[in-house]
Amino acid sequence: MDRFTLEIITNVLTAIGDEMFTTLQRTAQSSLIFEVLDFAVGATDARGELVSQGQGVPGFIGTLDAAVKAVIAKHAGNLSPGDVFITNDPYGGGGTHLSDVSIVMPVFHSGDLVAFTVNKAHWSELGGKNAGSISADATEVYQEGLQIPNIKAFSGGQPDPSVLDIFAANVRLPDMTLGDMWAGVAAARMGERCI
């Protein structure tokens with residue numbers, strides 16, 4: 001490949017990360033995301049290898065590919081355009097703690113899986129024994145909030161209403177929590193459009 005083509009591809013991949021980053025920041029409901037910038041975005045190839053990233057928390061960027069690979073491992077053969085997967089599993093998929101939620105979306109071209117878009121953001125409220133889902137004295141993971149075990153939350157671009165109901169019923173600030181989820185979905189969709 002000549003260096004001019006390589007430079008164009010490099011700039012396109014950088015732009016994908018930048019567009020996803022700006023989308024998530026501008027649409028999030030939580031100040032932890034839109035002011036503190038406690039999130040990261042990126043895109044992987046079809047195998048889950050990171051090929052693009054935006055600005056963001058380095059510790060989150062380092063876990064984006066693990067979230068995608070966990071989706072591939074659990075849902076291989078059951079991926080369709082418009083699907084969105086959500087996880088905050090601290091024991092798999094590059095988990096950190098329950099408040100750090102990953103959103104993964106497969107990207108298709110002419111019916112073939114070509115990439116994934118992914119983001120990870122610190123949602124302000126996921127339930128648990130303390131407001132804000134941070135418990136320095138927690139003795140078990142259940143006290144920290146709602147666990148999301150790598151689930152398909154959207155099929156064919158449409159949200160599963162039952163999943164949204166579970167989120168809303170288990171957090172103190174459902175509008176903010178669901179708003180942050182929608183911001184993550186918007187960022188993933190922006191990445192899909194850019195790819």
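**Helix packing**

Mentor: Helices H1 and H5 are roughly antiparallel to each other. Keep in mind throughout that this is a predicted model. Two numbers come first, because two packed helices are described by the angle between their axes and the distance between the axes. For H1 and H5, the angle is about 155° and the axes are 8 Å apart.

Now the residues. H1 brings Ile16, Glu19, Met20, Thr23, Leu24 and Thr27 to the contact. H5 answers with Gly179, Ala183, Gly184, Ala186, Ala187, Ala188, Met190, Gly191 and Cys194. By class, that contact divides into 9 nonpolar, 5 polar and 1 charged. Look at the spacing along the chain. An α-helix has 3.6 residues a turn, so residues three or four places apart point the same way. Check the H1 names against that: Ile16, Met20, Thr23 and Thr27 are among them.

Step back to H1 itself. This helix covers residues 3-27, 25 residues in total. From first C-alpha to last, H1 reaches 36 Å. That is close to the 36 Å expected at 1.5 Å a residue. Its buried residues are Ile16, Gly17, Met20, Phe21, Thr23 and Leu24. H5 is one part of the cover over the buried residues of H1. The cover also includes helix H2 (31-34) and strands E1 (39-45), E2 (50-53) and E5 (112-122).

H4 spans residues 161-169, and H5 spans residues 174-194. Their axes come within 8 Å and cross at roughly 135°. That makes H4 oblique to H5. H4 passes H5 in a right-handed crossing. Leu164, Phe167 and Ala168 make the contact from H4, with Pro174, Leu178 and Met181 on the H5 side. The classes here are 6 nonpolar, no polar and no charged.

Two loop residues deserve a look at the backbone. Most residues other than glycine have a negative phi. Serine 110 has a positive phi of about 50° and is not a glycine. Serine 110 sits in the loop between strand E4 (100-109) and E5. At 66% relative accessibility, serine 110 counts as exposed. Asparagine 150 also has a positive phi, about 60°, and is not a glycine. Its loop runs between E5 and strand E6 (151-155). Asparagine 150 has 7% relative accessibility, so it counts as buried.

Finish with two further loop positions. Valine 36 is placed in the loop between H2 and E1. With a relative accessible area of 55%, valine 36 is exposed. Glutamate 7 is 29 residues from valine 36 along the chain, and their C-alpha atoms are separated by 32 Å. Histidine 97 lies in the loop between strand E3 (84-87) and E4. Histidine 97 is partly exposed, at a relative accessible area of 24%. Leaving out residues up to four places away in sequence, histidine 97 touches Asn88, His122 and Ile134. Histidine 97 and glutamine 147 are 50 residues apart in sequence, yet 9.6 Å apart in space, C-alpha to C-alpha.

Technical notes. Residues numbered from 1 in each chain as written. Predicted model: local features only at pLDDT ≥ 70, side-chain atom pairs only at ≥ 80, totals over all residues. Heavy atoms only, no water. Axes fitted to C-alpha atoms, helices over the stretch in contact; angles between N-to-C directions. Helix = DSSP H or I, 4+ residues; strand = E, 2+ residues; numbered from the N terminus. Parallel < 35°, antiparallel > 145°, perpendicular 65-115°, else oblique. Left-handed = near helix turned anticlockwise from the far one by under 90°. Contact = heavy atoms within 4.5 Å. Nonpolar A, V, L, I, M, F, W, Y, C, P; charged D, E, K, R; others polar. Expected span 1.5 Å × (residues − 1). Buried < 20%, exposed > 50% of the residue type's maximum accessible area, 1.4 Å probe, protein only.
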